[in-house]
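Work through the exercises below with the sequence and the 3D structure open. Each task is followed by a solution in steps.

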Amino acid sequence: MQQARGAVGGRGCALFPLLSILVVQGVRIVLSLEISADAHVRGYVGEKIKLKCTFKSSSDVTDKLTIDWTYRPPSSSRTESIFHYQSFQYPTTAGTFRDRISWAGNVYKGDASISISNPTLKDNGTFSCAVKNPPDVYHNIPLTELTVTERGFGTMLSSVALLSILVFVPSAVVVILLLVRMGRKATGVTKRSRSSYKKSSIEVSDEGMLQLLP
């Protein structure tokens with residue numbers, strides 16, 4: 001009995017170093033694949049939104065690389081897959097995001113971004129980007145909070161005002177410069193006309209007669 005316990009104990013002791021090695025290797029593997037994404041993204045109804053996701057892997061990209069985007073509605077624990085990538089793009093063909101998810105990345109540049117067309121207020125929620133590039137499969141999973149709102153009158157007005165300024169100011173400067181240039185030319189012509197003007201003999205004689213009159 002004691003021998004059996006000793007055998008079990010010995011086996012248990014042998015497992016601890018193995019687990020330690022796995023943990024150490026696990027930490028190293030986690031650091032070999034890093035994923036980054038925007039924590040918060042703001043968009044407007046009807047205007048295309050890009051959800052950025054980038055990754056760095058210690059291994060070369062192969063056809064085994066996979067990318068998975070999921071969505072979780074606000075105040076819900078339910079998640080749904082909206083995009084999958086492995087050599088080809090597989091956007092969801094069902095659910096809220098049907099025919100509205102498109103690929104916007106480049107795996108060879110470490111880009112795993114996607115875009116959402118015609119966003120609505122119902123698209124608000126949490127998105128996650130997961131990348132696996134064997135043997136790098138352990139990594140962090142960044143979350144992105146998307147907030148979609150209607151464009152307010154103030155926002156539209158400010159956009160129109162900014163566009164007007166960008167168009168009006170250069171045009172006004174050009175007009176002012178042209179007016180200044182034309183004014184300088186007109187002044188030069190007037191001065192030249194006055195300097196080149198000479199009195200005729202009749203005008204000279206008329207002035208002499210006027211001086212002789214009492």
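**Exercise 1: a loop residue**

At 19% relative accessibility, Ser59 counts as buried, because buried means under 20% relative accessible area, exposed over 50%, and partly exposed in between (1.4 Å probe, protein chains only). The model is predicted: local features need pLDDT of at least 70, side-chain atom pairs count only at pLDDT 80 or more, and totals for chains, interfaces and linings use all residues. Residues are numbered from 1 along each chain as its sequence is written, and side-chain values use heavy atoms, with hydrogens and water left out.

Task: Locate Ser59 and list what Ser59 touches, not counting residues up to four places away in sequence.

Solution. 
- Step 1. Ser59 sits in the loop between E4 and strand E5 (66-72). Helices (H or I, at least four residues) and strands (E, at least two) are DSSP runs, numbered from the N terminus.
- Step 2. With residues up to four places away in sequence set aside, Ser59 touches Asn133, Pro135 and Asp136. Contact means heavy atoms within 4.5 Å.

**Exercise 2: the disulfide**

Task: Find which cysteines are joined by a disulfide, and describe the bond.

Solution. 
- Step 1. Searching the whole structure gives one disulfide, defined as a pair of cysteine sulfur atoms within 2.5 Å.
- Step 2. The partners are Cys53 and Cys129, with S to S 2.1 Å.
- Step 3. Cys53 belongs to strand E4 (residues 53-57) and Cys129 to strand E10 (residues 125-132), so the pair ties together parts that are 76 residues apart in sequence.
- Step 4. The torsion about the S-S bond of Cys53 and Cys129 is about -80°, so this disulfide is left-handed.
- Step 5. Cys53 has 0% relative accessibility and counts as buried; Cys129, at 1%, counts as buried too.

**Exercise 3: strand E10 and its partners**

Task: Which strands pair with E10, and in what sense?

Solution. 
- Step 1. Strands pair if DSSP finds at least two bridges between them.
- Step 2. E5 pairs with E10 in the antiparallel sense over seven bridges. In this pairing, Asp68 stands opposite Ala130 in E10.
- Step 3. E10 also pairs with strand E11 (residues 143-149), antiparallel and over four bridges. Here Thr126 has Glu145 in E11 as its bridge partner.
- Step 4. E10 is mostly covered, with seven of its eight residues buried.

**Exercise 4: the nonpolar core**

Task: Which residues of the largest nonpolar core touch the most other members?

Solution. 
- Step 1. A nonpolar core is a set of buried Ala, Val, Leu, Ile, Met, Phe, Trp, Tyr and Cys residues joined through side-chain atoms within 4.5 Å.
- Step 2. The largest such core has 26 residues, of which Ile67, Trp69, Ile82 and Phe127 touch the most other members.
- Step 3. Leaving aside neighbours within four places in sequence, the contacts of Ile82 include Trp69, Phe97, Ile114 and Phe127.
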